[in-house]
Amino acid sequence: MSDRIALSKLVITLIITGIILLIPTHSFPIEGLTVVQHRIIAIFIMAALLWVLEPVPVFATSLLIITLLLISVSDKGLHFLISHGDGVGHPLGALLSYKMLLGSFSSPIIILFLGGFSLAIAASKYELDANLARVLLRPFGKKIHFVMLGLMLITAMFSMFMSNTATTVMMMAIIGPLIAANSAQDPGLKALILAIPIAANTGGIGTPIGTPPNAIAMQYLQNGGISFAQWMSFGIPFVAVQLMIGWLLLRKLYPAQTPELKIDLEGKFQQGVKPWIVYITFAATILLWLTTAWHGMNTYVVAIIPLAVFSLTGIITKQELKQINWDVLWLVAGGIAMGLALDKSGLAVKLAHAIRFDELDGPVIIIVMTLVCYLMANFMSNTATANLLMPIAAAIGSSADSLLPFGGQTSLLVFVALSASLGMILPVSTPPNALAYSSGLIETRDLMKTGIILGGSGLFLIYLAMAVSKLI
């Protein structure tokens, strides 16, 4: 029966995709739409349906995305598809570079994942993860809901000052022993795993450097904008409220069957040359991630260091390399390729400009901009989303007098930055989601349930802040 359901979902998806392709290009409410952009819309909708309905594995959907983009809209695609327009006056449009699309498999974020997986493998091999779990989680006891709260607080704190992906890598390594020591059938374990991406995605909101959308917003707020401390004055309370909602939500959706986790709070670190190489490399990697501004190496460059060290010292062998979750890397690559297609084809900009913001009232502008940003961030990188929408928000904010009672340009830019970090309903929405999904214990529907509710609560907080800003 499950095979029949999967097949029916796949057929429905293909029929919808075919209908979109058959719709005349001029029928879309987007001015100047090209044939290439029309095809990308069809591929995007197909990908969204396949990721949500899951009639095929999500990594297979990602591979299909890259394949279809290469065949139909790249400069090395099928000749009869890329040599002319649609024959009724609509231009073909700019083709995408096939090297760029294939480069999705070696994107910096993929390297970050590889480095993260190497840290997790080495930490597990020499029990560093178990020992870190003992040290960090001891203050929170053994009750599963308090352990989950501890995980969320620790993860959110790290995410405020370092990459949320790097934070998730570290925290997923730490909870590995907890997952292994307890029943995989306990819904409470799902809550523990989901707590990490929720806290990592949310924690970065707290500081201007916690997530790229915040930093992008600060670039437009340099002159007469807000300071680091001012950002934290509203960012930290926002994070605290979202974390509390997330904690209560996870307790409600995934009640633990066993109130206490099996945690060995006693133990000692292994001794020897190789264990110490793992300890030093793990600590050095985290320190380098925290001090990028001092040494100049970004998160992605730092991530390859442990992979090189562990390979050279024999800590990770050929057999251990096979433990890397390649399906997750393919999943992420598909999301990257889809985001690149939306960006480089100019489709994302056209979609953003399709709304006549100059004709809207202040509250409506804020609501529409944040909703558009939130929806886009669920299907493409929140950094790419912020890069696309922040210039538009800056231009609207400087010219729309209706925004002045609600904080003007400053509030609009901040709200857009916050909404970009709320997109987390799919495994491809954020790297922390993909890493949590790689555990094999959660499914897309788990991410959707929590992501939609937390996205809604986050948008509500934004609109509440909008209302309060007018009263002030």
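Contact between two residues means that heavy atoms of the two lie within 4.5 Å. This criterion is applied throughout to a predicted model, in which local features need a pLDDT of at least 70, side-chain atom pairs count only at pLDDT 80 or more, and totals for chains, interfaces and linings use all residues. Residues are numbered from 1 along each chain as its sequence is written, and side-chain values use heavy atoms, with hydrogens and water left out.

The confidence of the prediction is considered before the structure. The mean pLDDT (the predictor's confidence in each residue, from 0 to 100) is 82 for the protein, and 90% of the residues reach 70 or more. Helices and strands are DSSP runs numbered from the N terminus, a helix being a run of H or I with at least four residues and a strand a run of E with at least two. Among the elements of the protein, the highest mean pLDDT, 92, belongs to helix α5 (residues 98-102), while helix α7 (residues 128-137) has the lowest, 70.

Two helices were compared with their expected span, which is 1.5 Å times one less than the number of residues. Helix α2 (residues 35-53) contains 19 residues and extends 27 Å from its first C-alpha to its last, close to the expected 27 Å. Helix α17 (residues 326-344) likewise has 19 residues, and its reach of 26 Å is close to the 27 Å expected.

Because 14 of its 19 residues are buried, α2 is largely enclosed by the rest of the structure. Thr-61, placed in helix α3 (residues 58-73), is buried, with a relative accessible area of 0%. Apart from residues up to four places away in sequence, Thr-61 touches Ala-47, Leu-50, Trp-51 and Val-56.

The packing of two further helices was then examined. Two packed helices are described by the angle between their axes and the distance between the axes. The axes are lines fitted to C-alpha atoms, for helices over the stretch in contact, and the angles run from 0 to 180 degrees between N-to-C directions. The axes of helix α6 (residues 108-125) and helix α13 (residues 273-290) come within 10 Å and cross at roughly 145 degrees. In this contact, Leu-112, Leu-119, Ala-122 and Ala-123 of α6 meet Val-278, Phe-282, Thr-285 and Trp-289 of α13. By class, the contact comprises seven nonpolar residues, one polar residue and no charged residues; Ala, Val, Leu, Ile, Met, Phe, Trp, Tyr, Cys and Pro count as nonpolar, Asp, Glu, Lys and Arg as charged, and the others, Gly among them, as polar.

Individual residues of these two helices were also considered. Tyr-279 is found in α13 and is buried, with a relative accessible area of 11%. Tyr-279 and Ala-122 are 157 residues apart in sequence, yet their C-alpha atoms are 9.4 Å apart in space. With residues up to four places away in sequence not counted, Tyr-279 touches Tyr-126, Leu-128, Phe-269 and Gln-270. Ser-124, located in α6, is partly exposed at 43% relative accessibility.

Ser-159 is found in helix α8 (residues 144-159) and has a relative accessible area of 0%. Beyond its neighbours within four places in sequence, Ser-159 is in contact with Asn-164, Thr-167, Ala-199, Ala-200, Gly-203, Gly-204 and Gly-210. Val-239 lies in helix α12 (residues 228-253) and counts as buried at 2% relative accessibility. Residues up to four places away being excluded, Val-239 touches Met-160, Thr-202, Gly-203, Ile-205 and Gly-206.

How values were computed
Buried < 20%, exposed > 50% of the residue type's maximum accessible area, 1.4 Å probe, protein only.
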